[in-house]
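Visitor: I would like to learn how to read helix packing and chain contacts in a model. Please take one feature at a time.

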Amino acid sequence: MLLEVRDLQVEFKTRDGVAKAVNGVNYSVEAGETLAVLGESGSGKSVTAQAVMGILDMPPGRIAGGEILFQGRDLLKLKEDERRKIRGSEMAMIFQDALSSLNPVLSVGEQLSEMFTVHRGMSRKDGKAKAVELMDRVRIPAAKERVGQYPHQFSGGMRQRIMIAMAMALEPSLIIADEPTTALDVTVQAQVMDLLAELQRELNMGLILITHDLGVVADVADKIAAMYAGRIVEQAPVHEIYKAPAHPYTKGLLESIPRLDQKGQELYAIKGLPPNLMHIPPGCAFNPRCPMAQDICRSEVPPLFDVAPDRQSACFFWKETLDG
Amino acid sequence: MGRYVIRRLLQMIPVFFGATLLIFLMVNVMGDPIAGLCGDKACDPSTAAQLKKEFGLDKPVWQQYLTYMGNVFTGDFGTAFNGQKVTELMSAAFPVTIRLTIVAILFEIVIGISLGVVTGLRRGRPVDTVVLMLTLVVIAIPVFVTGLLLQLLLGVEWGVVKPTVQPEAPFNELLIPGLVLASVSLAYVTRLTRTSIAENARADYVRTAIAKGLPRRRVITRHLLRNSLIPVVTFIGTDVGALMGGAIVTERIFNIHGVGYQLYQGILRQSTQTVVGFVTVLVLVFLIANLIVDLLYAVLDPRIRYA
Amino acid sequence: MPEPYDDGAIAGTGAGGAMDLAASEATTLERTPGGPQGTGPAEKPRSLWSDAWRDLRRNPVFIISSLVILFLVVISLWPSLIASGNPLQCDLAKAQEGSQPGHPFGYNGQGCDVYTRTVYGARTSVTVGVCTTLGVALFGSFVGGLAGFFGGGWDALLSRVTDIFFGIPVVLGGLVFLSVVTSSTVWPVIGFMILLGWPQIARIARGSVITAKQNDYVQAARALGASNSRMLLRHIAPNAVAPVIVVATIALGTYIALEATLSYLGVGLKPPTVSWGIDISAASQYIRNAPHMLLWPAGALAITVLAFIMLGDAVRDALDPKLR
């Protein structure tokens, strides 16, 4: 197993109290596998990823419990300097907004070659050559001429390619992509996703794809973990979840995707808002918005039920959901 | 870039003439330009009229102003009360004030930026709170009070430095006056650096730099500082002009014979030419400093393009 | 085009932040409350000012500086409450004497009671500070507000005019302007400071009006055909006023310091006006033998200026949500 997150808990201290952003998340990724983590903003999907990368802001953030096993080692037990050496070389991250995530006052060449000079001790000249090579590899035209340019001089899609190049630079075994295409035009989204998938295959990397967009997931992911209020509510191979979701939340998400064969019908929307993380409702966090909620949902937290050998759902009524 | 410089230079022209005209009017219309010419007594009416004619003071003010500016552009700043050329006074005074300003700027850079970085990275910790309070205290105490107190303590009580500066004003004697002159700006630089660092520390690109696995030192120096110092550098740049004009108080406390001293003498003896001449040069310094800062901005921040 | 930092740099550092934070009770009521944060329905929508007030009430810096300012205002209205003597009644025989019963601060160079003069000096400083600030704030926000609202030629003209005033070093301008004035009242000093001070407020007001003008609901009001005067008074002014108040409070302290500086240079206030600046200037000649003559008025001056700067700083921090 490449990465295994076990019972991870993350809290944030705020002025008004402690917000529980992640409440016991379990997921795993193997080499060459793509896990899509699905959820609305505030579901804890990005926070989990940041905890894995070790880039949480602490304080106000705090890891309250759990383990993050990467290639057999618990990252949370490592010293900061050891973790730093893993970041960038063994695991890398691609962020949503490439414009703000790239340093505006350094040329893209400098930002790419930095990976090699810092982690591999290369000279600046060799680093720059590597930068050009990387830009070629992510298919940025005229890489040699553009290596000295600044992020704002590139288009959105090209900038995201540079982010990808930076993440791929040292051929890490795990990539975490946090909404990598959300900020892009629809036409560019597909190109960037294809590039990412292609490089993943080539290097046999594990990929965690964080998104709120089920449409992006279908083609690239092997399995899906849906998160709600800091917990995983359903985990399943991708084709099974599309066929028949086993949790009302995932079901709601799937039904809110516009489909060609249902033209003219009103689009489904999940009612209500995600909960305040400082006052998560008792019982199942989804109960106030759930069409199937019963008394038990308001009093007991549902455990993860095994639906199938590699499939779980955190719903007391997973059977009914699956059938209905 | 070239076109931008030209546009900025063109914009400077009305500002330059506006500011100098304002000073010219203050001195010539509200004051009595010939008052200083007859010694300590007032001039008798016939001498006054003759003097006015001689200096062209019977002409309308705008004509006087144009004549004066015409002379200035040929390098003629007129004569001071004791018959000395104003340009001679300038060549004696400016080097001293420039040296004092350099000392002050060095204090701002070394102490101000260091304190700002330290506090910006430790926001909300005790160091931060203490330094923040100190900067407010420094800002709140007027420079002349700070100056007098430091002079009293270091110069008189403990005898660490000489309480006054010799006419040649060597660098080592300018250390304490430079610190006094810099004090308020230093506090501003500290606060500005702190705010800038603290804001940028939460920027996405800093998170990226951490995610790249760069050592903390490199994240701070190469990514965080480089961006955070842009506003600080511009502040220090514009401060050059302000310091030279504001040196008057410091120079008076430590008896430094610089620009402020000459100006003060000029005002006391009502020497119009000295006052207007020095102020004109100072306004020019201020404007040029501002222009250089704007251009520096483009060098530091590639996002800014001048059309 | 980069704007140079002006001499209100404490305000200046936050001015950018202070400008876009502007919102007030009046406008929050008009806005539809509740974003996607999902705060419980029981919670009232909180406005910027009530949020700030909640912060300020708990901020010791705010409480202390407010109390100091309250005290200063009271003793400048009724100095005889705490000082029974006459500040102009002096006895040369007692010149430079130190502390003694009934005269805790000793006597100054003319044999006047330092305690009484320090108390009466507060009136001058507070008068100068308050009058200058009122003048600067009213005139500055009027000119700046109009320039920001109407834009175009007026705006360009204002920029040039403020540039001219920023081009004149304040102390120098004061020396030139005030050296020809013979009046011994406080009004020429106040007049001069308003003359050189208004552009600073005008810039702030202009900036915040422009920011407020671009808010969506203001655009909406314009689209609905609201008149110019209604837009300015009802929608823009309430939003633009916060930064002006903050900068003006801080500036009040600096005006008091400037008056003292000008008086120290011999061109500000003139005897028989009782002013800390005059007393400090007179005492600086005896600094070696009788430092007490300098320290008391200087201390009072520093505390006064500090109180106003801290008050403004605390209010700014409370109004700036970004720094929380």
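Visitor: At what angle do helix H4 of chain B and H11(B) pack, and how far apart are their axes?

Guide: Two packed helices are described by the angle between their axes and the distance between the axes. In this predicted model, H4(B) (residues 86–121) and H11(B) pack at about 50°, with axes 10 Å apart. Axes are lines fitted to C-alpha atoms, for helices over the stretch in contact, and angles run from 0 to 180 degrees between N-to-C directions. Helices are DSSP runs (H or I, at least four residues), numbered from the N terminus.

Visitor: Why is H4(B) called oblique to H11(B)?

Guide: Because of that angle, H4(B) is oblique to H11(B); oblique is what remains after under 35 degrees (roughly parallel), over 145 (roughly antiparallel) and 65 to 115 (roughly perpendicular).

Visitor: Which residues meet?

Guide: B:Val86, B:Leu89 and B:Met90 of H4(B) meet B:Gln273, B:Thr274, B:Gly277 and B:Val281 of H11(B). Contact requires C-beta atoms, placed from the backbone, within 7 Å.

Visitor: How many residues of chain B are in contact with chain C?

Guide: 45 residues of chain B contact 40 of chain C. H11(B) gives the most to the chain B side, with ten residues.

Visitor: How many residues of chain A are in contact with chain B?

Guide: 23 residues of chain A contact 18 of chain B. On the chain A side, H4(A) gives the most, with four residues.

Guide: Residues are numbered from 1 along each chain as its sequence is written, and chains are lettered from A and ligands numbered from 1 in the order written. Local features need pLDDT of at least 70 and side-chain atom pairs count only at pLDDT 80 or more, while totals for chains, interfaces and linings use all residues.

How values were computed
Two residues are in contact if their C-beta atoms, placed from the backbone, lie within 7 Å. Helices (H or I, at least four residues) and strands (E, at least two) are DSSP runs, numbered from the N terminus.
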